[in-house]
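The questions follow after the display.

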Amino acid sequence: MTAITHTNRVLSGMQPTNTLHLGNYLGALKNWVAMQDRMECLYCVVDMHAITQDSGYGKRETLAASIREVAAAYIASGIDPKKSPVFNQSRVPEHAELAWVFSCVARLGWMDRMTQFKEKTGKHKERASVGLYTYPILMAADILIYQATHVPVGEDQRQHLELTRDIAQKFNNDFAAPGFFPLTEPVITGPATRVMSLRDGTKKMSKTDESDMSRINLTDDADTIASKIRKARTDPNPLPESAKGLEGRPEAENLINIYAALADEEAETVIRRFAGHQFSSFKSELAELAVAKLTPIAAEMRRLLADPAEIDRTLKDGALRARAIAAPIMDEVKRLVGFVG
Ligand code: AQP
């Protein structure tokens, strides 16, 4: 059997678990926007992942609102839903169907190595949902149900992308279908692939950090953005002359990387411009830049969210277009596995 050649296709998604933050934007979303002019792209709101940690009757309204908010954030950041389908994962049942097949392909030993599960559950692994443990398998299905060749993500998703490649490879071998699933490439690019907390430069900026001061939300207003940057933790030394001078200074490095990503510049250029500056003057320039780049996104999100029915129409239309790609691939998976009818 000859191997299949896949045309370039991009798939990526975010969880509607809380308001998106600057890490989600610079690590992933900003790159998604850039990719839609170069390749066929599909952008998903991964609502089935969102119930792995927190769900139930009391969360129903919050989840529905969050799905619309994440879709609005995609569009407000520059994703054109006419060009790139924007949809929520639960509307395309083939994601879950393929995830079951993959859970019979993936090995327990592979899953036990997943560091994000260990970080998220800490000492309370036995209380975590089975869904949180198998989350990377559903993520592999999210990607491969479209035979996606590229996935733009932040650095924290690298291990999950490696697992996706392992699952693809094993499926192709086990079912004698060389190249049926592509070995998807992670696209981890730009100066801010891992944006750190504003309160602790050694911790990832995260939606679930207890302190709202640790992150800049895409919905924050100008005063809040400026105040969070002003109060961001730093050290007492001026900014260094070169990248080498950032070693052992995670907070300074984080702020430089954020500036570079927002300004579309290399970190080296930013370091040269601010060499020897005190943090107070650098922070006021960073705040000005962040306000200029982020507040138009927040304003557009507010405008879009004023018409939830229109967002729902966009999600439904996106799901129809996504399903038109996913359904024949799932049919072929069923044939390869030996399911009849
Ligand atoms: N701090 C970050 N820096 C760069 N990229 C980041 N991403 C997340 N945090 C950072 C990228 O954003 C995309 C969507 O992430 P997600 O919503 O699916 O899940 P997440 O990684 O669980 O997001 P959070 O904020 O980090 O949530 P919690 O608090 O649950 O840990 C992904 O491409 C991710 O790499």
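Q: In the protein chain, what share of contacts between residues at least 6 apart in sequence joins residues at least 24 apart?
A: The model is a predicted one, and the contacts considered in the protein chain are those between residues at least 6 apart in sequence. Of these contacts, the share that joins residues at least 24 apart is 78%.

Q: How many helices and strands does the protein chain have, and what is its radius of gyration?
A: The secondary structure of the protein chain consists of 13 helices and 5 strands. For 341 residues the globule rule gives 20 Å, and the value for the protein chain is close to this, so it is as compact as a globular protein of that length, with a radius of gyration of 21 Å.

Q: What percentage of the residues of the protein chain count as buried?
A: A residue counts as buried when its relative accessible area is under 20%. Applied to the 341 residues of the protein chain, this gives a buried share of 50%.

Q: How far apart do the centres of the positive and negative side chains of the protein chain lie?
A: The protein chain carries 43 positive and 44 negative side chains. The centres of these two sets are separated by 2 Å.

Q: Where does Gln 147 lie, and is Gln 147 buried or exposed?
A: Most residues other than glycine have a negative phi. Gln 147, although not a glycine, has a positive phi of about 45°, and its place is in the loop between helix H7 (130-144) and strand S4 (150-152). Because its relative accessibility is 15%, and the cut-off is under 20%, Gln 147 counts as buried.

Q: Which class of accessibility does Ala 176 fall in?
A: Ala 176 has a positive phi of about 50° although it is not a glycine, and this residue lies in the loop between helix H8 (158-174) and strand S5 (185-187). Its relative accessibility is 48%, which falls between the limits of 20% and 50%, so Ala 176 counts as partly exposed.

Definitions and conventions: Residues are numbered from 1 along each chain as its sequence is written. This is a predicted model: local features need pLDDT of at least 70, side-chain atom pairs count only at pLDDT 80 or more; totals for chains, interfaces and linings use all residues. Side-chain values use heavy atoms; hydrogens and water are left out. Helices (H or I, at least four residues) and strands (E, at least two) are DSSP runs, numbered from the N terminus. The radius of gyration is taken over C-alpha atoms; the globule rule is 2.2 Å times the number of residues to the power 0.38. Buried means under 20% relative accessible area, exposed over 50%, partly exposed in between (1.4 Å probe, protein chains only). Contact means heavy atoms within 4.5 Å. Lys and Arg count as positive and Asp and Glu as negative; His and the chain ends are not counted. The place of a charge is taken as NZ of Lys, CZ of Arg, CG of Asp or CD of Glu.
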